[in-house]
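Subject: Structure handover

Hello,

Here is the structure for you to look through. Please open it first, then read my notes below.

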Amino acid sequence: MTPATPLTGWQWFRLVGNLANLTTPAGLLVARVGGAKVRRGPRGLFVGEGYRLKFPVASAFTIGSVITTPRTWEELLRQNPRLFEHEERHTWQYLYCIGLPFYLAYGVCLAWSMLRTGDRAARNFFERQAGLVDGGYRDVPVRPVGENIRAMIGMLGRPNLPEA
């Protein structure tokens with residue numbers, strides 16, 4: 001995953017837009033605070049590897065034009081060759097949400113997905129638009145809302161113990 005130049009007009013637009021809406025500087029800060037080694041990636045993106053904090057819980061996550069993982073990209077892409085494209089689609093979502101409003105919209109979509117399926121991604125607009133399967137998510141069926149609420153309440157009472 002090496003930087004490619006020159007960037008297309010749209011890639012420049014995304015890079016400048018996500019710098020201006022402050023999500024890329026925030027992404028660089030989060031990656032650095034989490035101990036990730038950040039470098040220039042392809043298509044005007046930044047990539048971070050070796051993130052050490054426990055949040056967010058994900059194999060990779062995106063903030064602005066910064067895509068970060070606790071592992072190495074080489075290792076991740078061997079397991080899921082489409083993951084980078086999924087995360088890159090999130091960079092465009094930060095741009096069209098004009099930065100930080102992305103978090104509010106994403107939170108609403110996550111809650112909707114939990115209510116409809118009991119899964120954080122299956123009916124989340126942003127994850128579906130980025131490609132569920134590309135991101136390593138499953139498409140689970142819609143269930144009755146009451147069933148999902150009961151399941152979520154049940155999860156609150158269980159301690160978070162490691163699996164045996």
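Rings of Phe, Tyr and Trp (its six-membered ring) pair if their centres lie within 6.5 Å; planes under 30 degrees apart count as stacked, over 60 as edge-to-face, and the rest as tilted. Keep in mind that this is a predicted model, where local features need pLDDT of at least 70, side-chain atom pairs need pLDDT 80 or more, and totals for chains, interfaces and linings use all residues. Residues are numbered from 1 along each chain as its sequence is written, and side-chain values use heavy atoms, without hydrogens or water.

**Aromatic rings**

The whole structure holds 10 aromatic pairs. One of them is Y94 with F102, a tilted pair at 4.2 Å centre to centre and 35° between the planes. Both residues are buried (under 20% relative accessible area; exposed is over 50%, partly exposed is in between; 1.4 Å probe, protein chains only). F102 also pairs with F126, edge-to-face, at 5.1 Å centre to centre and 70° between the planes. F102 sits in helix α5 (residues 101-117) and F126 in helix α6 (residues 125-130), so this pair ties together parts that are 24 residues apart in sequence. Helices (H or I, at least four residues) and strands (E, at least two) are DSSP runs, numbered from the N terminus. F126 is buried, like F102. Ring pairs link Y94, F102, Y103, Y106, F125 and F126 into a cluster.

**Strands**

Which way do β1 and β2 run? Strand β1 (residues 37-40) and strand β2 (residues 46-49) are antiparallel, joined by 4 bridges. Two strands pair if DSSP finds at least two bridges between them. V38 has G48 in β2 as its bridge partner. R39 stands opposite V47 in β2. The hairpin has 5 residues between the strands, and R43 there takes a positive phi near 55°. Strand β4 (residues 66-69) runs parallel to β2, also with 4 bridges. There, V66 is the bridge partner of F46. F46 has another contact: the charged end of R40 sits over its ring, 5.2 Å from the centre. That label needs NZ of Lys or CZ of Arg within 6 Å of the ring centre and within 35 degrees of the ring normal.

**The largest pocket**

The largest pocket has about 640 Å³ of space. A pocket is an open set of points on a 1 Å grid over the protein atoms alone, where a 1.4 Å probe fits, with protein on both sides within 12 Å along at least five of seven lines; lining residues have an atom within 4 Å of a point. The volume is the space filled by probe spheres set on the points, which are joined across faces, edges and corners. Of 24 lining residues, P56, A58, F61, Y106 and R120 are closest to the centre. β3 (61-63), α4 (83-96) and α5 each supply at least two lining residues.

Most residues other than glycine have a negative phi, and most peptide bonds are trans. A cis peptide bond joins F55 and P56, with omega about 0°. P56 is in the loop between β2 and β3. L22 is not a glycine, yet has a positive phi of about 75°. L22 is exposed, at 55% relative accessibility. I98 is not a glycine either, and its positive phi is about 60°. I98 lies in the loop between α4 and α5, and is exposed at 63% relative accessible area.

Best wishes
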